[in-house]
Amino acid sequence: MESLAQRAALLRESLHKSQQATDAVVSILGSFDSRLSALDSAMRPIQVRTHAVRTAHENIDRTLRSADVILTQFDRTLEAEREIQKGPHENLQGFLDAVDRLRTIERFFSSNRSYRSSDGVLNHVNALLSKALVKMEGEFQNQLSQRSKPMEPDRLFDCLPSTLRPSSESQPEGGKNTSSENQQNPEAAVYSPPALIEPKFVPLLSKLAQQLVQAGCQQQCSEIYSEARASALESSLKNLGVEKLSKDEVQKMPWEILESKIGNWIHFMRIAVKLLFAGERQLCDQVFECSQSLRDKCFAAITKNSLATLLSFGEAIAMSKRSPEKLFVLLDMYEIMCELQTEIDTIFVGESCSQMRDSALSLTKCLAQTAQKTFSDFEEAVEKDATKNIHTDGTVHPLTSYVINYVKFLFDYQSTLKQLFQEFKKEDGTGSELAAVTMKIMQALQNNLDAKAKQYKDPALMHIFLMNNIHYIVKSVRRYVLMK
């Protein structure tokens, strides 16, 4: 019992000591909490200062990067300014690159107005661009003046198919030259439009034009280009032999001179459309690649007067007094206009050229109408021929040989005549209309010969006269057929 009491006393003493130890540990932990709170309070200002330093460092980095970008723009501005001050004469490509850089710099500062220096830099850049614009206009004009030289006739002739180049051989009088393969099939001929400006200068002209257009100077650019090229084109045609003649001057010319000028006109039309106008269209498309409307506008301004000069001569011929000897040149003129019509529609494309296309088509129709009326005039003239001089021996009358030669020449124009008749009567292309016209002419000749035969008092001579003329007609037709 006593032992149990001792153990209980020891247990109580142990528990008491354990409680004291626990209380001591709690007290120690409580002091740690106080110390940690004090430490946290002491560290908070340091943490705030560290965050502020880090933020400031990031801001400094961003500012340095921005400053570096701005300084780079300043450097580029100074480099561009030096090129602008030197002008485009020494280094045109470098000048154009400088203008491009200035435009880039302008866009940069326009989109970063927050920079304090933006307004000042923009004013300076815009002043440089204005100065560059004046110099570009001058350079554009200078380059065009230097490069736009008239084409010499020999260079143009070299661009023609060999069978269409001028030669010392004369054309057959009165009829159509059918010995040339290209004249029988003009579409098969190969034409090579000349380079009106050396190809190496065209890209630079295009870049100058693009810069001027981007700057809103379309009108000035168009006027400079059109004036230079129109002058060169008109000089090329003048060197070729194209004359500015009024309709009154044309209609008063002697037929011998006029016939020669008509032959030249046909040659000029082919060269103008297939070589010069085609070359101008190609050059416009290259220089004004940046603007379709500007291409068409400039091309129309360049070619308007030259085309009008050529068409005016054709209109004067079509409106002149009709006569049988003019029919063949009218057919030649109609034929070349038909040949060129498709190319005219292709080259003179766009609203700006619509009046010029219409003028060319109007001339084609006018020539067709005049040629058709000349047929009727010829038929009437044959029937009403009142010459009294018949041979006493009943030989062939001069009217017969004249009409037969005329008809033979007509058949050299079969394809042209078929096309002409289709203009008005929508023929099926079988040649029936040509045959009908020929029969009318031959019937008119027959009626006239019958009337002339009655001038013979001797019936035998009258029949011999008719027989000789009919035999001449038949023999001439057979000979013509064999030749063909």
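Visitor: What does pLDDT stand for here, as a scale?
Guide: pLDDT is the predictor's confidence in each residue, from 0 to 100. This is a predicted model, so local features need pLDDT of at least 70, side-chain atom pairs count only at pLDDT 80 or more, and totals for chains, interfaces and linings use all residues. Residues are numbered from 1 along each chain as its sequence is written, and side-chain values use heavy atoms, with hydrogens and water left out.

Visitor: What's the mean pLDDT of the protein?
Guide: The mean is 83. Of the residues, 83% reach 70 or more.

Visitor: And where does pLDDT stay under 50?
Guide: Residues 168–175 are one such stretch. The model gives them 7 contacts beyond four places in sequence; contact means heavy atoms within 4.5 Å. Residues 177–184 are also below 50, with 11 contacts beyond near neighbours in sequence.

Visitor: Which elements have the lowest and highest mean pLDDT?
Guide: Helix 5 (residues 181–184) is lowest, at 44. Helix 7 (residues 218–240) is highest, at 95. Helices here are DSSP runs of H or I, at least four residues, and strands are runs of E, at least two, numbered from the N terminus.

Visitor: How many helices and strands in total?
Guide: There are 16 helices and 0 strands.

Visitor: What share of the residues is buried?
Guide: Of the 484 residues, 39% count as buried. Buried means under 20% relative accessible area, exposed over 50%, and partly exposed in between, using a 1.4 Å probe and protein chains only.

Visitor: What is W265 in contact with?
Guide: Setting aside neighbours within four places in sequence, W265 contacts L310, F313, G314, M333, I336, M337 and L363.

Visitor: Why does E343 count as partly exposed?
Guide: Because its relative accessibility is 26%.

Visitor: Which residues of helix 13 are buried?
Guide: L399, T400, V403, I404, Y406, V407 and L410. They cover an arc of only 160° around the axis, so they sit on the same side of helix 13. The arc is that of the directions from the helix axis to the C-beta atoms. An α-helix has 3.6 residues a turn, so residues three or four places apart point the same way.

Visitor: Where is T395?
Guide: T395 is in the loop between helix 12 (354–384) and helix 13. At 31% relative accessibility, T395 is partly exposed. Leaving out neighbours within four places, T395 contacts F465, N468 and N469. T395 and N469 are 74 residues apart along the chain, yet their C-alpha atoms are separated by 7.4 Å.

Visitor: Last pair. Is E433 buried or exposed?
Guide: E433 is buried, at 15% relative accessibility. E433 is in helix 15 (residues 432–453).

Visitor: And N123, buried or exposed?
Guide: N123 is exposed, at 55%. N123 sits in helix 3 (residues 118–147).
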